[in-house]
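Trainee: I have a new model open and would like to walk through it with you. Can we take it step by step?

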Amino acid sequence: MEHQALTHPQSVAPMRSRRSLSPTARAWFFLSPSMLFLGVLIAASLLVLRMSVGTKGAEWSGFSLASYGQLLEPYYLKSLLLTLRLALISAVIAVLLAIPVAYTMSRLASPLLRRVFLAAVLLPLLVNLLLQSYGWLVILGPAGMLNQALIGLGLIKRPIMLLYNQNGVLMGLVQTAFPLAVLPIASAMRGVARSYEEAAATLGASRFQVFRQVVLPMSLPGIITGATLVFAYNASSFVVPLLLGGRRVPMLAVMVHDQIAPLMNWPAASAAGVVLIVTTLLIMTLSEYFTGRRRRMLEASQ
Amino acid sequence: MSVSSNKRQALLPGETGRVAGLLSAFILLLAVLPILTMIVMSFSGAANLDFPPSSYSLQWYRAAWHTFVSPDASDVLSLGQAMGTSLLVACLTMIFATLIAVPAAYALTRCEFRGKAVALQLMSLPLVFPMVVLGLALLLVFDSLPFQMTTSRLVIAHVILALPFVVKNCTAAMLGIGSEVEEAARMLGATPRRAIVDVVVPLMKSGILAGMLLAFIVSFNEFTVTYFLYTIDVMTVPIWMYSRTVSSLDPTVFSFAVLIVLIDFVLIWALEKLVGEGGVSF
Amino acid sequence: MGEHDLNRRQFIKTASVVSVAAAAMSVPFISARASDTRFVGKTLRLLTWSDDTGLAALRNIAATFEAKTGAKVIADRTGSTSEMVAKLKAGGDRPQYDIITLAGVGAEGLAAAGLLEKPDLNRIPNLVDVPAQYRTGAGGHGIGYLLWCNSLVYSTRTLKQAPDSYAALWDAELAPNIFLPPPNWTEAMDLIIIAAKLAGGDEHNIEPGFKKLAELKDRVMTLGENPNQIAELFRTGSLDMGGLYAPAFFPKQIRDPAYGLGATFGMKEGFYTDLMLSVMPKNRPGDTDLAYAFIDHSLDPLVQGKMAEDIFNGPVNAKAIISSEARKSPYILTPEQIADKAIMHDNAFLATVHDQWIRRYTEIFSS
């Protein structure tokens, strides 16, 4: 109930004295309804933080840094590195593939095509991955269509393994996180005023030159945002390595899961979770800093 | 408007435009390939996953319809009930997420204030939380409360998960308006409150609606966190699907999946229609 | 209880009393219709597995129980032991269920967290026919209800006859492409012990086992987390052998010749089993007598036989009635075979090594 009261800030008394409110107080007042919900999330984060320094069986009363110490063992370090590497590569690939898609989407005139494109971008993220994994099996499995075609063409003798290894996981990571790359880039490209393109074209630049020297640099903030989102999303990916990695690609979230159950070592799971969250937040902050600077530079140059 | 769209027509077709178009169509085809395969298999006449199917029939749709109308006595909930819960949760999520995101977006675009960086980070926190940890932590939070919640805890969790997307779209819409509109309204004598409610919000309409639909889509498809928070009486469609597919598979599941893809498709269609050329913001 | 404190595996040699007469009896499956009216209109909330075992439990246990007592069973079929346990542990003192069926290792976790009530064995009359080692688990907090029996799974197209030893997994000529269980499953723990024994060690001298497992690395296609994917890989001829894996995952596919899928319990080393338990959480929402009646019903000789025939799991009731037809099937275990060849999982010991073994196993097979 309290949410409703807060979501109509206009009707309550403090509004009248707004002039006397500092901008900070005013801003936080507008933010307060969302903070109420995010408060639940903050409570959850604090809980995770508390558990991570607890001990197994005494998550709330014990205190020990052993779970963090354990993360320094090669087993976890290797997994963390693998996770960051796969998340990074998937972000780079996703962005490279997203640039032409986003460019096309931002310049499509036909509403019909735009809708079909948007659906094709969003659906892989939305549809149950377990079901999609059957699709991948049929296409890329050892006896799947691709292998059959390659064998039929005489290109290979034995089926190549495209699933159940890092390649399979990488492909799944790119596929599911693709919308997170496409949409910010498309937004940024839409924002590049057409007059710039036209001006460049009148000056005799070819279309590709316009794209490369005008559109691309000007949508860099969107590109960085997209890459960061894909990275953050994939760093904590769990279902993809499970279904397409055949359990042979030990990304950190899979290990977090093993620690939650069956091992029931919640402090270890929380510590690994905290490391994941902090790492991704750090990278997002860095990216925010760079895009912010870039945006200011662009604005200044306008 | 018409002038600029004419110019664009002249601008897009061209070598680069065509190459980019074909390339992106190919990339997107690859991305949806597993879903297309699934759709084809739902029309299979066989009981296994042979692809391409040796024969085609509607048998799995008939079976799916049968489950839908006369739920198996042995199953806890019918798909119909799960669908009801999913729609209710998604609608509530949509409403709450929008009601809280609009003022937040206003603060984030129009105000320079201390703690803005913190606020922005908090907004993106739901995106970086590993879902399994989030599910477990939220369950612990809700269970520490002195009263029991069922549907409401799903709504709260979904609002949190949808918030970054909704705020982002509202922020984008607000940036597009420019503060001069609000200032003009105030100069014409409107109170600050009226300037926001009567001028800014209506102008943001398509951005807000896009955010609402995104919230709906996020909620309707959410699985991992919901898995931890659902109860035996309140189950959503993805959970229902999971209980049907995790280790026993029959092609009826593909028919249900096609239904869900169809619902999502319609939602996305509506979303695109709302935002039009402005595009969805992320 | 005593057996469960032992820090070693138990080889079950107790010859159980098997009533051939009982097997020959042809009692109609649902013998009494609502003979007991105490429970009419009451509701029991059950959490069970999402796989075919859960489905079979609904068909053979819940449905017949409803018919017999007039009670209503509401079942949640979303469990997959480990997540299920995590959720229940977090849910703590507000359980939604009256009865939960789960693997022994999960029951231990819940019992350790103090969430389970210790059932009164005297209120479960059918327990008299259950051999002592299968009666209870998790320190007396769970009642045995079926034996999850792990087999070697093989392609009937590549292998002309069923393998008779686990050593077959190491035979690259016989089976070029294999799958193994995922590290977080107890099946993987059993496999490590098997490898150790084949290499001259045992569960307390496990190092040779890891070395032996490492030999398999290049032939392992996947650590099969999803049984349907595994079945598909067999159907398309991509896999030749694998295990440990329960045929209970593939009741439909094993019966369908298109899959070319076989499973065997006939290894000379014996087969590994895990006792599945019914547990009663503290502060249950429903009626206690009803919960006891349900557990007792799940041990009924007819019900036990039906479950064994349906999903290829071992009955715990030594008098379980298996039809003469079903006795011919290599997948359906009889109480005699269980008494003879079953090796039971020692959860108490495994709990002490679980973490380390999961890590080693994961490391060995990382691609």
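Mentor: We call two residues "in contact" if their C-beta atoms, placed from the backbone, lie within 7 Å. Keep in mind that this is a predicted model, where local features need pLDDT of at least 70, side-chain atom pairs count only at pLDDT 80 or more, and totals for chains, interfaces and linings use all residues. Residues are numbered from 1 along each chain as its sequence is written, while chains are lettered from A and ligands numbered from 1 in the order in which they are written.

Trainee: Okay, how many residues does the contact take from chain A and from chain B?

Mentor: Both chains put residues into this contact. The counts are 83 residues from chain A and 84 residues from chain B.

Trainee: Which helix gives the most to the side of chain A that touches chain B?

Mentor: First, a word on naming: helices (H or I, at least four residues) and strands (E, at least two) are DSSP runs, numbered from the N terminus. On that side of chain A, the top contributor supplies 16 residues. That is helix 2 (residues 23-52) of chain A.

Trainee: And how do the residues of that side of chain A divide into nonpolar, polar and charged?

Mentor: Here Ala, Val, Leu, Ile, Met, Phe, Trp, Tyr, Cys and Pro count as nonpolar, Asp, Glu, Lys and Arg as charged, and the others, Gly among them, as polar. For the side of chain A that touches chain B, you get 56 nonpolar, 18 polar and nine charged.

Trainee: Moving on, which helix of chain B gives the most to the side that touches chain C?

Mentor: In this interface, 21 residues of chain B are in contact with 29 residues of chain C. Helix 6 (131-144), helix 11 (224-229) and helix 12 (237-245) of chain B each supply at least two residues on the chain B side. The one giving the most, with four residues, is helix 6 of chain B.

Trainee: Now chain C. How many residues of strand 13 are buried?

Mentor: A residue is buried if 20 or more other C-beta atoms lie within 10 Å of its own, exposed if 12 or fewer, and partly exposed in between, with C-beta atoms placed from the backbone. Strand 13 (residues 271-281) of chain C is mostly covered. The buried count is eleven of its eleven residues.

Trainee: Which residues point the other way from C:Phe271, C:Thr273, C:Leu275, C:Leu277, C:Val279 and C:Pro281?

Mentor: In a regular strand, side chains alternate between the two faces of the sheet. On strand 13 of chain C, the residues pointing the other way are C:Tyr272, C:Asp274, C:Met276, C:Ser278 and C:Met280.

Trainee: How many bridges pair strand 7 of chain C with strand 13 of chain C?

Mentor: Two strands pair if DSSP finds at least two bridges between them. In this pairing, C:Leu147 stands opposite C:Leu275. The two strands pair in the antiparallel sense, and the number of bridges is seven.

Trainee: In which sense do strand 13 and strand 14 of chain C pair, parallel or antiparallel?

Mentor: Strand 14 covers residues 342-344, and C:Phe271 has C:Ala342 as its bridge partner there. Over three bridges, the sense is parallel.

Trainee: Last one: why does C:Trp148 count as partly exposed?

Mentor: C:Trp148 lies in strand 7 (residues 142-149) of chain C. Leaving aside neighbours within four places in sequence, C:Trp148 is in contact with several residues, including C:Thr273, C:Asp274 and C:Met276. C:Trp148 counts as partly exposed because its number of C-beta neighbours inside 10 Å is 19.
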